[in-house]
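Please keep the sequence and the model open while reading this note. The points below can be checked one at a time.

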Amino acid sequence: MTAWQIDRLGASPEQAGPDASEVPLKWAHDARTGEPRYIHDDEVVEHRCTCVCPACQLNLTPVMPGQPMRVRPTAHFRHPPGGQKDACTIVAARLAATHLLHEQGFIDLPRRTMSRTATGFSGRGYEVWVEAPAERGMIGSARLLDHATAELTLDDGRTLLVDLTGRRDAADGPDGRAMVTISLSDPDLAMLSPEDIRARLRILPDIRWCSHWQDRTLAARGDEEAARAAHDALDEWDATDEADFRSRLTSDLDEATAQRWRRETLLHREVKAILERARRIATPGLEVSARREPSDEFLGEWETDTLRMTWFSPPKKLELTDVQLEQRRGRIVPDVIATVDGSKISTVGITDTWVNDDFEEEIEDTFSSPWPSTVLVEVTVTHGVDDEKLQRIRQLDIATLEIDLSKLGGRLNREALSDLVVNQTLGKRWVHHPIFSIKQQRLDAALDAHPVTLRYKERLFELMRPRWLALPVSDWTVRYLEDVTTFHDANVRIRKAQRHHGDGPEPTLLGVRSDEWAQIMEAASALSAHGLPGADDPFLLDESGLIARLLSIQHNKGVGYDVRTGYQVLNAIMQSGKHNKRWDSLYAIAVKAYELETHFTGEQASKYKAWRQTLIDRIDAGDEAYLRPATFDALLSVLFPKMAEGIGRGYGRLTEQI
């Protein structure tokens with residue numbers, strides 16, 4: 001069998017189109033050499049060869065060979081009488097094209113492209129394209145395997161199957177072998193001369209790959225790149241991840257919620273990984289604001305200036321020394337807990353003051369408050385830090401940074417997320433910082449001392465004076481002490497509730513913005529209107545201040561203290577440090593005035609006697625640490641009438657203030 005014989009003669013010939021039988025057969029097969037013969041070849045014209053049909057193998061008779069100018073009829077090979085031509089013309093033309101392709105010596109192969117897709121756990125597909133480059137293959141040999149398939153052997157030893165029908169599907173190649181498909185099914189090919197076929201081969205139409213030598217390698221590379229695309233898009237979730245995730249869920253969790261939690265879990269894990277690698281994080285500046293607005297009593301009849309003060313410090317990059325994921329702190333489990341060297345972080349900032357939105361002044365804040373060593377990071381995807389969690393964070397008093405990815409829009413990839421966490425402040429905010437309360441107190445104090453606020457207070461005082469003076473001072477003293485007792489007793493109950501608190505919202509202590517505090521302030525202002533200033537002094541009203549302690553001694557029970565007896569409060573007073581002794585003479589006066597000693601045990605009486613003697617000795621020695629100013633003597637004498645006589649003697653008071 002020669003190189004140009006068809007190997008698989010038993011293969012069914014291709015069904016020709018309806019006009020194929022009408023096309024003159026101009027190509028045949030040399031029965032001796034197996035070479036293709038064109039009707040005008042010298043061997044055919046000179047009768048030096050025997051020609052057979054390459055498709056049906058019947059002997060053919062040359063008609064008008066060597067007469068290319070004849071058109072009707074034209075030169076052709078004739079089948080024996082009764083022979084069926086079927087697809088003979090097409091097969092013969094393909095045989096000729098394959099032969100001439102071999103003579104040409106090369107075939108230009110297009111690039112091989114392949115699409116591969118990975119599906120993320122979100123259900124989104126990540127498609128990538130991989131390719132092998134176009135190349136020119138040098139042909140070493142060529143043969144027809146059957147009526148529709150040629151095999152080319154390239155110089156480098158690779159074999160290439162060529163489907164000559166042009167009808168094979170692009171993914172319908174034989175496994176492990178390379179195949180291209182070329183459309184050589186046009187019956188008109190059978191009429192072309194060798195020169196015309198060569199010209200056609202030089203611009204082979206629509207060569208398409210069915211399979212490629214590198215398909216498996218390309219598929220593996222494409223799968224890897226598609227998986228990497230899902231990974232980079234933060235949408236990769238393997239079986240181990242799923243098993244670990246499911247182990248933490250309840251069996252009745254709906255799939256939509258589970259899908260959201262998968263996303264959040266992956267983002268939390270990635271932020272931790274980023275922080276572990278980078279060991280730093282960009283944070284926004286700290287900012288605290290306070291404002292004062294005119295009282296409702298001023299509307300329409302007096303100035304209505306609005307006062308605002310804002311303190312802020314610039315953004316910072318924090319250097320991290322340790323990063324942990326989802327470790328419990330108190331009653332919360334933050335996404336990330338990081339440790340920083342607070343001694344290296346400055347909180348110096350500036351304070352701006354605005355009156356009616358008009359800038360008044362800017363003051364540089366040169367005092368740097370200490371930065372905490374622990375920073376919590378909350379990563380939110382759908383819902384931010386809610387009120388309950390914020391309350392728990394505030395109770396822990398730990399600096400907490402929120403990274404709200406829901407506000408960024410679009411899809412995040414790992415590179416963008418890393419840049420956001422490490423270098424950007426977009427989508428970040430401090431939900432809490434220990435410095436907030438410190439700066440808030442300072443801003444409130446500064447606002448209280450501002451001329452605008454002072455004018456408000458003076459004006460309000462004058463407006464309210466007639467109403468306050470309409471009641472006798474005795475009524476206001478009773479109201480004042482009752483309001484102070486109510487305020488502190490409420491906070492004692494709240495502290496108890498906090499210690500035994502469950503999973504619901506934690507009770508919040510009453511503060512200076514509560515209604516109870518406002519009632520105290522009104523009574524204090526009324527006392528001032530009656531000539532008894534100072535009742536609003538924080539030193540008097542603190543939970544361990546003068547008023548709470550004197551009330552505890554007076555009523556032999558804790559006021560502001562979670563204790564049962566007055567002696568327990570007195571015991572706390574007796575154990576106070578040396579820098580808190582100047583008011584001890586007042587407590588001794590109260591013990592005597594309200595006969596608290598009658599409730600002492602023997603041991604308690606002995607301890608008190610020793611403490612009182614030390615107090616007398618230090619006062620008699622003129623130790624100023626034990627001598628009180630006269631600041632509150634007049635007010636306390638009215639609030640606690642039984643103490644008035646003892647206070648009036650001036651014992652334990654600084655001499656120059658008598």
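1. Overall make-up. The model is predicted, not determined by experiment. The protein chain has 658 residues, and 45% of them count as buried. Its secondary structure consists of 19 helices and 23 strands.

2. Contacts along the chain. Take the contacts between residues at least 6 apart in sequence: 67% of these join residues at least 24 apart.

3. Helix α16. This helix covers residues 584–593, and eight of its 10 residues are buried, so the rest of the structure largely encloses it. The buried residues are Asp584, Ser585, Leu586, Tyr587, Ala588, Ile589, Ala590 and Val591. Their cover includes α14 (546–555), α15 (566–574), α17 (602–620), α18 and α19.

4. Other positive phi values. Most residues other than glycine have a negative phi. His47 is not a glycine, yet its phi is positive, about 55°. His47 sits in the loop between α1 (42–45) and β3 (51–52). It counts as exposed because its relative accessibility is 62%, and the cut-off for exposed is over 50%. Arg279 is also not a glycine and has a positive phi of about 60°. Its place is the loop between α6 (255–278) and β14 (280–283). With a relative accessible area of 33%, Arg279 is partly exposed.

5. Salt bridges: Glu151 and Arg177. The structure holds 30 salt bridges. In one of them, Glu151 pairs with Arg177, and the closest N and O atoms are 2.9 Å apart. Glu151 belongs to strand β10 (residues 149–154), while Arg177 is in the loop between β11 (159–163) and β12 (178–181), so the bridge ties together parts that are 26 residues apart in sequence.

6. Salt bridges: Asp633 and Arg653. These two side chains meet in a salt bridge with an N to O distance of 2.7 Å. Asp633 lies in helix α18 (residues 633–639) and Arg653 in the segment after α19 (644–648), so this pair ties together parts 20 residues apart in sequence. Asp633 is buried, at 5% relative accessibility. Arg653 is buried as well, at 15%; the cut-off for buried is under 20%.

7. Salt bridges: Arg618 and Asp623. A salt bridge of 3.0 Å, N to O, joins these side chains. Arg618 is partly exposed, at 34% relative accessibility. Asp623 also counts as partly exposed, at 21%.

8. A salt-bridge network. Which residues are linked in a network of salt bridges? They are Arg292, Asp444, Asp448 and Arg513.

9. The loop at Gln327. Gln327 is in the loop between β17 (316–325) and β18 (336–340). Leaving aside residues up to four places away in sequence, Gln327 touches Val333, Pro334 and Ile337. Gln327 and Ile337 are 10 residues apart along the chain, and their C-alpha atoms are separated by 7.2 Å. Gln327 counts as partly exposed, at 39% relative accessibility.

Conventions:
Residues are numbered from 1 along each chain as its sequence is written. This is a predicted model: local features need pLDDT of at least 70, side-chain atom pairs count only at pLDDT 80 or more; totals for chains, interfaces and linings use all residues. Side-chain values use heavy atoms; hydrogens and water are left out. Helices (H or I, at least four residues) and strands (E, at least two) are DSSP runs, numbered from the N terminus. Buried means under 20% relative accessible area, exposed over 50%, partly exposed in between (1.4 Å probe, protein chains only). Contact means heavy atoms within 4.5 Å. A salt bridge is a side-chain nitrogen of Lys or Arg within 4 Å of a carboxyl oxygen of Asp or Glu.
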